[in-house]
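Me: I would like to go through this model in short questions and answers. Please give the cut-offs as the terms come up.

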Amino acid sequence: MTTYLVSPIDGDDANEAGPWRTLTRASAQTYLPGDTLLLEGGRQDHVGSLYVQPPSRGTPEARITIASSGPGAAIIRSGDDHGICICNVHNVVILN
């Protein structure tokens, strides 16, 4: 179980385990049962879309969790596209 962070200001997409700067980098990650992806809260500059797709997988006992971290909600600016797209992956929870 790993926790990942997306921070548009302090992140760097070259970091293997984060914090990452972009949703594009977060979308490229394979998430395993029990993993958590935190989007820096109070930010309105998460630009683009977050895609969670196979081979990522959660289980009923160990879901993948996507949530805001810190004060305030994370806001995704996706334009006309999806903010978050969970494609053919089960047992994903979105909080905050």
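Me: Which residue in E2 is the bridge partner of Leu-5?

Reply: This is a predicted model, in which local features need pLDDT of at least 70, side-chain atom pairs count only at pLDDT 80 or more, and totals for chains, interfaces and linings use all residues. Residues are numbered from 1 along each chain as its sequence is written, and side-chain values use heavy atoms, without hydrogens and water. Strand E1 (residues 3–6) pairs with strand E2 (residues 36–40) in the parallel sense over four bridges; strands (E, at least two residues) and helices (H or I, at least four) are DSSP runs numbered from the N terminus, and pairing needs at least two DSSP bridges. The partner of Leu-5 in E2 is Leu-38.

Me: Which residue in E5 is the bridge partner of Leu-38?

Reply: E2 also pairs with strand E5 (residues 64–69), in the parallel sense and over five bridges. There, the partner of Leu-38 is Ala-67.

Me: Is Gln-29 buried or exposed?

Reply: Gln-29 sits in the loop between helix H1 (23–27) and E2. The classes go by relative accessible area with a 1.4 Å probe and protein chains only: buried is under 20%, exposed over 50%, and partly exposed in between. At 17% relative accessibility, Gln-29 is therefore buried.

Me: With which side chains does the side chain of Gln-29 make a polar contact?

Reply: A polar contact is a pair of N or O atoms within 3.5 Å; within protein, one must be able to donate a hydrogen and the other to accept it, and residues adjacent in sequence count only if both atoms are side-chain atoms. Contact in general means heavy atoms within 4.5 Å, and beyond four places in sequence Gln-29 has Tyr-4, Glu-16, Trp-20 and Ser-56 in contact. Its polar side-chain partners, at 3.3 Å, include Tyr-4 and Arg-25.

Me: Which residue forms a salt bridge with Asp-45?

Reply: A salt bridge is a side-chain nitrogen of Lys or Arg within 4 Å of a carboxyl oxygen of Asp or Glu, and a search of the whole structure finds one. Asp-45 is partly exposed at 29% relative accessible area. With the closest N and O atoms 3.0 Å apart, its partner is Arg-43.
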